[in-house]
Amino acid sequence: MHISLLKVTTFFYLAGAILYLYFIVTLKERGARLGRMALLIGVILHAAGFALRYATAGYTPVTNLFESLSFFALSIACVFLVVEIRYNMRTLGAFVAPLAFVFSIFSAFLPGEIAELAPALNSYWLPVHVLLLFVGDAVFAVAFGAGIMYLLQEKQVKQKKMGAIFKRLPSLDVLDDINYRCLTIGFPLLTMGIITGSIWAEYAWGSYWSWDPKETWSLITWLLYAALLHGRLTVGWRGRKAAILAIVGFCAVLFTFLGVNLLLPGLHSYSSLSR
Amino acid sequence: MGRIVIIGLNHRTAPVEIRERLAFPSEAIGHALRGLLERESLKEGVILSTCNRVEICALASQGFEGTAEAKEFMAAYHGIPLGELNGYLYHYEGDEAVKHLFRVGSSLDSMVLGEPQILGQVKDAYGYAAEFRTIGPILDKFFAKTFSVAKRVRTETKVASSAVSVSYAAVELARKIFGDLSDKNVLLIGAGEMCELAARHLISAGVKGIMVTNRTFERAVKLAEEFGGIPIRFEEISVHLKRADIVLSSTGAPHFIIQRQDVDEVIRIRKNRPMFFIDMAVPRDIDPDANQVDNVYVYDIDDLNNVIETNLEERQSEALKAEEIVTEEVRSFRRWLDAQQATPTIITLRRKYEEVKNAEVVKALSAFGADDPKMRKVVESLASSLLNKILHAPISSLKKDADGRNQMDLVAMVREIFDLPEASERTGTGDADENGETPQE
């Protein structure tokens, strides 16, 4: 039941993505409205599926690749909806909703059966550590979308070509503001995620930090965002530079999450494809 | 019940010397409207007079030309021989007139396609006619419909969406760069006409403050007073530049007054907070290289003109969609007009109660059970004669071709009492919000 619920949400994310893209092309209000609705339904079903799986499995279901991809899609859709409703920034949907869809469909192709929990994961730290990181990463996903929009819009203004993109995308200032706000929310989440992970590692593996690939790449990601935050606050990095860093940062997030899981075996290999 | 006619002239048919001679000043409009309706053939009238067009819209009585009378009035009122005027005037009747006003109100007939003022001017013209009671039910509905068509065009097409003047284009760009302008400062250097206009637009867009500088300080003081800004000395531009988010410049200087290095330096001091330079001077005041600096955008007059040109092209293609809306609405208005006529009303009335009658006859016959042809005949003739006697009075009043206005009320009343639908072939478009004329977007 919950597995099909988790998988069926993919369709809603796809519908949301298509509707938001339809909106940005045609500028028909209805596209954005229906897109929001599709994502909202998707999120509700997804959360229900997640809760059911939690009840069935008896642990927070973020332990393998299927579960984590699915949860990541849910986080992205949630964070996006919050930003969209707060800023009334419907064009963002065309850039972020497809991300939710991509992660969702990726997970839908993986086997969803509940596996026995690895003993090392049986801990209260599991939900805290993983949820902090995924929500943080979802916030960075929104910053990534806003970053791409910023670069597109900036190019229009700079090159003085007022094409279709110019009319559709919001002002540079608003996009830069989203970049900043995402950073101020995402960075603390990432930091706390790493700290809780480190404490948990001390309990589970007997060492706070053991330089396994996941840890190393988390640190790289953290340093990137730390540099961006520092640059913003002290020298006034903003605009293009900040947008590029938000994009690079999210690529690092993706590599830490997926690249490491799929390519670099280590202590964190609970969620590689082979499992 | 008459037909709608429009006569007039606009920027395309008449040069400004003619237009200004034929304009109706607003204080004289009441007088003119009353004079217009003194003409025997004209029952309702509205006069639209703007700097680009002078038009008379009237309802001509049954059997009259209308256009000729309206033209004569125009000539007589301004004391110009009609012969001299005729070459400049156009005239429209019936559906053509309806289409014309819809296009005017939707700004499809304007010199600058999609410019927003015309709708307000049409509303004013309607207001005068209402004030001086020269408008009746037909033109009232016609103008209400014109406003709703204009609203439809505005919301459903992009005919008026983007700036088509240099100064508006500058404001539009500023909004795309800064979003909210309420905490932004403007620096106005020099005093070109376009620059001042752009400054005015920026002020009405709600910028926080404006600094004004000029080679002669007195002039700066004077302009600053006018804009409610702060005058600064020309030599101190570099001191104040860091506080300016938007710089408008048009001096007569033969060389750049703001160099790339100045911009490099000031953007560092501003910690990269964006700057928008609008250079309206020829030769240019601001080094175009400054556009290379991150978070700095430099537009010169050619750049702005290019923006406008693209926008105008877009408006042209959007105008096609708008024309479709107009055509559709003309049809829908035609259906409403038809419904105001006696004959179709009589037909609808008859048809409706024929149906009622037939249904009742069938019911009555089936109650008798056996199908007796004689019985059928009796029942049918009873029903028919009852129906004819009841409908006789309303139909003969409708047929009495009384003078237009009363008759229209009568038609409306009959339609209301007998609950007749407004149009025989409803398509569902445009009818719903005919009276929902709210100017908000």
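Analyst: Two strands count as paired if DSSP finds at least two bridges between them. The strands themselves are DSSP runs of E with at least two residues, and helices are runs of H or I with at least four, both numbered from the N terminus. This is a predicted model, in which local features need pLDDT of at least 70 and side-chain atom pairs count only at pLDDT 80 or more, while totals for chains, interfaces and linings use all residues. Residues are numbered from 1 along each chain as its sequence is written, and chains are lettered from A and ligands numbered from 1 in the order in which they are written.

Strand S5 (residues 185-190) and strand S6 (residues 209-214) of chain B are parallel partners, joined over 5 bridges. Within this pair, B:Ile189 faces B:Thr213 of S6(B). The whole sheet is open and has 6 strands of chain B, in the order S7-S6-S5-S8-S9-S10, with parallel pairing. Its edges are strand S7 (230-233) and S10 of chain B, each pairing on one side only. From one strand to the next, the twist averages 20°.

Contact here means C-beta atoms, placed from the backbone, within 7 Å of each other. Angles run from 0 to 180 degrees between N-to-C directions, along axes fitted to C-alpha atoms, for helices over the stretch in contact.

Another helix of chain B, H9 (residues 193-204), holds B:Met194. A residue is buried with 20 or more other C-beta atoms within 10 Å of its own, exposed with 12 or fewer, and partly exposed in between. B:Met194 is partly exposed because it has 18 C-beta neighbours inside 10 Å. Beyond four places in sequence, B:Met194 is in contact with B:Val166, B:Ser167, B:Ser250 and B:Met280. From B:Met194 to B:Leu108 there are 86 residues in sequence and 26 Å in space, C-alpha to C-alpha.

Chain B also meets chain A, in a contact that takes 19 residues from chain B and 17 residues from chain A. On the chain B side, helix H8 (166-178), strand S10 (296-300) and helix H13 (301-339) are the elements that give two or more residues. That side of chain B divides into 6 nonpolar, 7 polar and 6 charged residues.

Chain A itself has 9 helices and 0 strands. Its C-alpha trace spans about 60 × 45 × 30 Å along the principal axes. Of the 275 residues in chain A, 48% are buried. Among chain A contacts with a separation of 6 or more, 78% join residues 24 or more positions apart.

A nonpolar core is a set of buried Ala, Val, Leu, Ile, Met, Phe, Trp, Tyr and Cys residues joined through C-beta atoms within 7 Å. The largest one has 126 residues, and those with the most contacts inside it include A:Phe80 and A:Val142. Helix H5 (residues 125-159) of chain A gives the most to this core, 17 residues. Another core, apart from it, has 57 residues, among them B:Ile4, B:Phe73, B:Ala97 and B:Ile138.

Note on methods
Two residues are in contact if their C-beta atoms, placed from the backbone, lie within 7 Å. Ala, Val, Leu, Ile, Met, Phe, Trp, Tyr, Cys and Pro count as nonpolar, Asp, Glu, Lys and Arg as charged, and the others, Gly among them, as polar.
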